[in-house]
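Reader: I am new to this structure. Please take one part of it, look at it closely, and then connect it to what lies around it.

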Amino acid sequence: MAVEVTMPKFGLTMHEGTVQRFFKAVGDAVKAGEPLYEVETEKVLYEVEAPADGTLAATLVEDGETVECGIAVAVIAEQGEDLAQVASRYEKSAARSEPAAATNSSPQSARPQTSAEPSGGRRAASPIARKLAAELGVNLDRVEGSGPGGRITREDVERAAKSAPAPRAPSPAQSDKPIALRGMRKIIAERMHQSLQQSAQLTITTEADVTPATELRARLTRDFDFSYTDLMIHAVARALMRHPRMNTRLDGNELSIASAANVGLAVALEEGLIVPVIAGAERKSLREIAIESKALGEKARAGHLKLEDVTGGTFTITNLGTYGVDAFTPILNIGEAGILGVGRIIEKPAIYRGEIARRAMMTLSLTFDHRVIDGVPAAEYLQTVIEVFNYGER
């Protein structure tokens with residue numbers, strides 16, 4: 001009997017995922033446990049394994065399509081089953097849901113209706129078709145869909161674009177092309193907005209003399225390589241142990257103080273950012289933190305992070321200092337009590353021991369949830385971070 005492959009749910013907060021690509025083509029043999037397709041969630045790219053042996057009878061979504069958890073994305077036929085018959089069952093299902101369906105019975109094009117399909121009078125079209133139509137200036141209302149249920153495919157849009165008369169030169173306003181929020185960018189937009197709506201965020205800033213930290217790094221890098229970000233992770237984790245209220249989550253009317261400092265580090269990617277987590281950072285040496293943060297950064301940029309690499313964070317660091325930024329307003333990761341924005345280190349004249357001296361200065365921006373912690377203890381936490389950053393554990 002054929003087996004449906006559905007969009008998995010990797011966590012309580014996951015509601016949908018985007019199929020990036022299938023590793024198998026329709027008609028290929030499939031073994032249980034081998035990677036079948038790649039899904040992008042709000043946090044990671046994840047390879048989904050085939051749930052059964054058999055033959056891939058149909059893929060039910062296109063690359064780049066976003067569907068809700070639990071929706072079928074492919075069908076695996078068992079040995080001996082007729083692939084066309086298996087695929088046709090899904091084609092018929094799609095046709096019933098859209099009475100105006102055109103007919104196209106190839107297994108590759110079998111596409112049941114999913115949550116990503118439009119409603120409310122809009123023409124049914126794949127996300128790729130919509131994106132391409134926007135880019136080519138094709139009116140979807142005038143395109144005949146050849147997909148299941150009359151759904152418009154990328155090929156339909158390309159065909160319509162070729163047959164259309166040459167358009168007039170667009171005005172400057174008409175040449176602007178809308179870019180739909182999708183995938184990681186869409187999730188980031190939703191989470192940042194949700195964070196601002198559901199917490200009481202306040203940011204405090206201070207300029208710190210970090211000359212001792214630059215001297216410390218100059219000494220220690222003779223033994224092993226590490227960055228100022230690694231040194232900041234080390235300092236933040238130890239400061240969290242001294243100020244546990246900053247290492248807190250607020251769920252409803254209950255506060256829960258984490259016993260470990262799981263420090264997340266925001267890593268910029270081309271399509272957004274991701275926050276891999278160094279778990280138990282308060283127990284790790286600076287050398288261990290440097291090794292782990294480097295490995296996580298490389299995995300993030302290569303798209304190889306696992307779910308366990310990005311979950312369980314209790315506090316986040318975001319560093320824009322390497323881009324020449326002095327100060328900014330970080331936004332809390334939902335559920336966390338604090339996030340520290342790190343600015344650049346720059347040498348400038350400063351008053352030191354009563355005299356003007358050349359000192360290395362850095363601005364830190366601490367955003368915290370005022371429902372969880374007040375300004376004074378937040379400022380005390382920031383002071384401890386600077387102390388440990390400069391001098392290590394004393």
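**A helix crossing and its surroundings**

Author: Helix α6 passes α7 in a right-handed crossing. A crossing is called right-handed if the near helix is turned clockwise from the far one by less than a right angle, and left-handed if it is turned anticlockwise. The model is predicted, so local features need pLDDT of at least 70 and side-chain atom pairs count only at pLDDT 80 or more, while totals for chains, interfaces and linings use all residues. Residues are numbered from 1 along each chain as its sequence is written, and side-chain values use heavy atoms, with hydrogens and water left out. Helices (H or I, at least four residues) and strands (E, at least two) are DSSP runs, numbered from the N terminus.

Two packed helices are described by the angle between their axes and the distance between the axes. For α6 and α7 (residues 286–302), the axes come within 9 Å and cross at roughly 120°. That makes α6 oblique to α7. Axes are lines fitted to C-alpha atoms, for helices over the stretch in contact, and angles run from 0 to 180 degrees between N-to-C directions. Angles under 35 degrees count as roughly parallel, over 145 as roughly antiparallel, 65 to 115 as roughly perpendicular and the rest as oblique. On the α6 side, D230, L231, I233, H234 and R238 take part, meeting L286, I289, A290 and S293 of α7. A contact here means heavy atoms within 4.5 Å.

In α5 (residues 211–220), the residues T211, P212, A213, T214 and L216 are buried. Buried means under 20% relative accessible area, exposed over 50% and partly exposed in between, with a 1.4 Å probe and protein chains only. The cover over the buried residues of α5 includes α6, β9 (201–209), β17 (338–352), β18 (355–369) and α8 (375–391).

Strands of a sheet pair through backbone hydrogen bonds, either parallel or antiparallel. Two strands count as paired if DSSP finds at least two bridges between them.

Going through the sheet from β9, 9 bridges join that strand to β18, and the two run antiparallel; D209 stands opposite M361 in β18. β18 is largely enclosed by the rest of the structure, because 11 of its 15 residues are buried. On to β17: this strand and β18 pair in the antiparallel sense over 13 bridges, with G341 having S365 of β18 as its bridge partner. Further along, β12 (residues 263–265) and β16 (residues 315–319) run parallel and are joined by 3 bridges. There G264 stands opposite T316 in β16.

β17 and β18 also form a hairpin, with 2 residues between them. R353 lies in that loop and has a positive phi of about 55° although it is not a glycine. Most residues other than glycine have a negative phi. R353 counts as exposed because its relative accessibility is 74%.

A second hairpin, made by β10 and β11, again has 2 residues between its strands, and G252 takes a positive phi near 65°. β10 (residues 248–251) and β11 (residues 254–257) pair in the antiparallel sense over 4 bridges, and L250 has L255 of β11 as its bridge partner.

Elsewhere in the chain, 4 strands form an open sheet in the order β1-β8-β6-β3, with antiparallel pairing. Its edges are β1 (3–6) and β3 (29–30), each with a single partner strand, so one side of each is without a neighbour in the sheet. β3 is joined to β6 (residues 54–59) by 2 bridges, and V30 has G54 of β6 as its bridge partner.

For the protein as a whole, the secondary structure comes to 8 helices and 18 strands. Of its 394 residues, 45% count as buried. Among contacts between residues at least 6 apart in sequence, 62% join residues at least 24 apart.
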